Amino acid sequence: NAKAEGKTIVINSYNIFCTICAKQIKVLDQAQKEFKEIIFFSYDQNKNEDIAKKLNIDFWTTIVVYKGNNEVTRIIGQTDKKIIYSAIKKGI
């Protein structure tokens, strides 16, 4: 529904044992508090391989930003807050 309504969606693929993922989650938790109009989803890729396959995500450390039905950016392995926030802002 959010895609159909043209909303910005941030999807985070992680693994519970991944240290880079843990750093990304901290940044995304902060971003979720600051970007209240954006919808944030996270999923454990090992437990939800079907989601990863559907979104063509190969790596745990992947953050994908959508604006409506369109993917606007995809970053992998980034833990820098400025880079992650810049990716999120591309969907606004």
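Predicted model: local features only at pLDDT ≥ 70, side-chain atom pairs only at ≥ 80, totals over all residues.
**Helix α3**

Which residues of α3 are buried? In this helix, which spans residues 81–89, they are I84, Y85, A87 and I88. These four residues lie on the same side of α3, because they cover an arc of only 155° around the axis.

Now to the strands. Four of them make up an open sheet, ordered β2-β1-β3-β4, with mixed pairing. At the edges are β2 and β4, each of which pairs on one side only. From one strand to the next, the twist averages 15°.

How do β3 and β4 run relative to each other, parallel or antiparallel? They run antiparallel, and six bridges join them. Within this pairing, T62 has I76 in β4 as its bridge partner.

| Helix | Strands touched | Angle between directions |
|---|---|---|
| α1 | β1, β2 and β3 | about 155° with β1 |
| α3 | β1, β2, β3 and β4 | about 170° with β4 |

So much for the table; in words, α1 packs on the sheet through contacts with β1, β2 and β3, while α3 packs there too and touches β4 as well as β1, β2 and β3.

**The whole chain**

Stepping back, the protein contains three helices and four strands. Along the sequence they follow the pattern β-α-β-α-β-β-α. The radius of gyration is 12 Å, close to the 12 Å that the globule rule gives for 92 residues, so the protein is as compact as a globular protein of that length.

Taken along the principal axes, the C-alpha atoms fill a box of roughly 35 × 30 × 20 Å. Of the 92 residues, 40% count as buried, and I84, Y85, A87 and I88 of α3 are buried residues.

What share of the contacts with a separation of 6 or more comes from residues 24 or more positions apart? Such residues account for 64% of those contacts in the protein.

Note on methods:
Residues numbered from 1 in each chain as written. Heavy atoms only, no water. Buried < 20%, exposed > 50% of the residue type's maximum accessible area, 1.4 Å probe, protein only. Helix = DSSP H or I, 4+ residues; strand = E, 2+ residues; numbered from the N terminus. Arc of directions from axis to C-beta. Pairing = 2+ DSSP bridges. Axes fitted to C-alpha atoms, helices over the stretch in contact; angles between N-to-C directions. Contact = heavy atoms within 4.5 Å. Rg over C-alpha atoms; globule rule 2.2 N^0.38 Å.
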